[in-house]
Amino acid sequence: MNAMRIHHRNGSYEVRFETLAAALEALPTDVRIITDTNVVQEYGPHLENRSNVVIVTPGEQSKSLECYGSLLSWLAKSKASRKTTVCALGGGVVGDLAGFVAASYMRGVPFYQIPTTLLSQVDSSVGGKVGVDLKEGKNLAGAFYPPVGVSIPIDALSTLPDRQFVNGMAEVWKYGFIMDAELIKTLSSSGFGVDSPDLSAVVERCIALKAQVVEADEFEKLGIRAILNFGHTVGHAIEFATGYRSILHGEAISVGMVVEARLGEMLGVSRPGVREEVQTYLGQQGLPTSHEMLMDEDALIAAMYGDKKAADGNLAFSLLTDIGGCKLVERIPEGKVREALRAS
């Protein structure tokens, strides 16, 4: 497959599978590229002849109102117009940040994504959700703002540090857990890594699965899109409580998936044994399945009440029914959540 098309309320956009060099070459002349120092270290020569590039610090700390504001000012100072394309070149943080900048500069300018990490390729670069963090919680300021196009450079994955590749695999496994048991078979048939011959096909499959969910529930009104958040209620709470410094997003989501699989069993939503399967698969991938932060129930519960799925003072989780099936469950008693944290 060389391309696929994802539909949204106002039209559609193409996801192309091509090299990083080809993706950059195809960008319009009037473009502003937002990237980070990790990308520049690897791909600086590709950017040498481009004057309108701004570099942010890698990591969740850059998804701040301060950085967001400085980028808006940079666009204005560079004489960007309503026809100027903002391009995100990097991982999920760069994509979320650049997308929110594009969504709000002059009330919206064209936005293009070139994700360079596994996590951003299979998850955050498609679906149209952009935003930044507030001191009160993750992704609390943002918008639904689809890109005008996405380029997926599989060749960029070869430069990822091992930890970053494994980090992205958490989201890959998530797709299998929530909606594609056959994908689990592919991933578990052998040690899945950056050199796996199925890597490109797996990335394409994950994007197609996300497109299927997003097209069915673009604005998260029906509870369908919420299944993509399996593991994220606990995972985001861990990230927030640790200050986004000691654990990567995929690592936190991996721990969250184990806890939430256990919660699903406790509530009778998940088939008995699901938690053990989830934990085994993630552990074999080299992902963490527990974290010391789980002992601080109060901090995590407080963060969970700030989750976007929570409503009317009640906690909500996307829980597995079985491997390959998931649904949103609302009004979950806090005591059950605490019990699941203690048992993990």
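Where is the place of D123? D123 is in helix α5, residues 118-124. Helices here are DSSP runs of H or I with at least four residues, strands are runs of E with at least two, and both are numbered from the N terminus.

Before I go on, some housekeeping. This is a predicted model, where local features need pLDDT of at least 70 and side-chain atom pairs count only at pLDDT 80 or more, while totals for chains, interfaces and linings use all residues. Residues are numbered from 1 along each chain as its sequence is written, and side-chain values use heavy atoms, with hydrogens and water left out.

Okay, back to D123. D123 is buried, at a relative accessible area of 10%. By buried I mean under 20% relative accessible area; exposed is over 50%, and partly exposed is in between, with a 1.4 Å probe and protein chains only. Setting aside residues up to four places away in sequence, D123 touches E171, K174, Y175 and K210. Contact, throughout this talk, means heavy atoms within 4.5 Å. D123 and G168 are 45 residues apart along the chain, and their C-alpha atoms are separated by 8.9 Å.

Now C206, which sits in helix α8, residues 199-216. C206 is buried, with a relative accessible area of 0%. Apart from neighbours within four places in sequence, C206 is in contact with V122, V172, Y175 and L183. For E334, 128 residues from C206 along the chain, the C-alpha separation from C206 is 32 Å.

On to helix packing. Two packed helices are described by the angle between their axes and the distance between the axes. The axes are lines fitted to C-alpha atoms, for helices over the stretch in contact, and the angles run from 0 to 180 degrees between N-to-C directions.

Let's start with α10, residues 249-266. This helix α10 has 18 residues and spans 25 Å from first C-alpha to last, close to the 26 Å expected at 1.5 Å a residue. That expected span is 1.5 Å times one less than the number of residues. Of the 18 residues in α10, 16 are buried, so α10 is largely enclosed by the rest of the structure. Just after α10, G268 takes a positive phi of about 75 degrees.

What does α10 pack against? One partner is α6, residues 162-179, at an angle of about 40 degrees with the axes 7 Å apart. That angle makes α6 oblique to α10. The cut-offs: under 35 degrees is roughly parallel, over 145 roughly antiparallel, 65 to 115 roughly perpendicular, and the rest oblique. The crossing of α6 past α10 is left-handed. Left-handed means the near helix is turned anticlockwise from the far one by less than a right angle, and right-handed means clockwise. On the α6 side you'll find R163, N167, A170, E171, K174 and F177, and on the α10 side H249, G250, E251, I253, S254 and M257. This contact splits into four nonpolar, four polar and four charged residues. For those classes, Ala, Val, Leu, Ile, Met, Phe, Trp, Tyr, Cys and Pro count as nonpolar, Asp, Glu, Lys and Arg as charged, and the others, Gly among them, as polar.

Then there's α13, residues 334-342, packing with α10 at about 125 degrees with the axes 9 Å apart. Again, that makes α10 oblique to α13, and this crossing is right-handed. Here V259, R262, L263 and M266 of α10 meet K336, V337, E339, A340 and L341 of α13. By class, that's six nonpolar, no polar and three charged residues.

Next pair: α9, residues 232-241, and α12, residues 297-304, at about 115 degrees with their axes 8 Å apart. That makes α9 roughly perpendicular to α12, with a right-handed crossing. T233, V234, A237, I238, F240 and A241 come from α9, and L300, A303 and M304 from α12. Eight residues of this contact are nonpolar, one is polar and none is charged.

While we're in α9, look at H236, which is in that helix. H236 is buried at 13% relative accessible area. Leaving out residues up to four places away in sequence, H236 touches K138, N139, H249 and I253.

N139 is in strand β8, residues 137-144, and has a positive phi of about 60 degrees although it is not a glycine. N139 counts as partly exposed, at 22% relative accessibility. Y244, in the loop between α9 and α10, also has a positive phi of about 60 degrees without being a glycine. Y244 is buried, with a relative accessible area of 17%.
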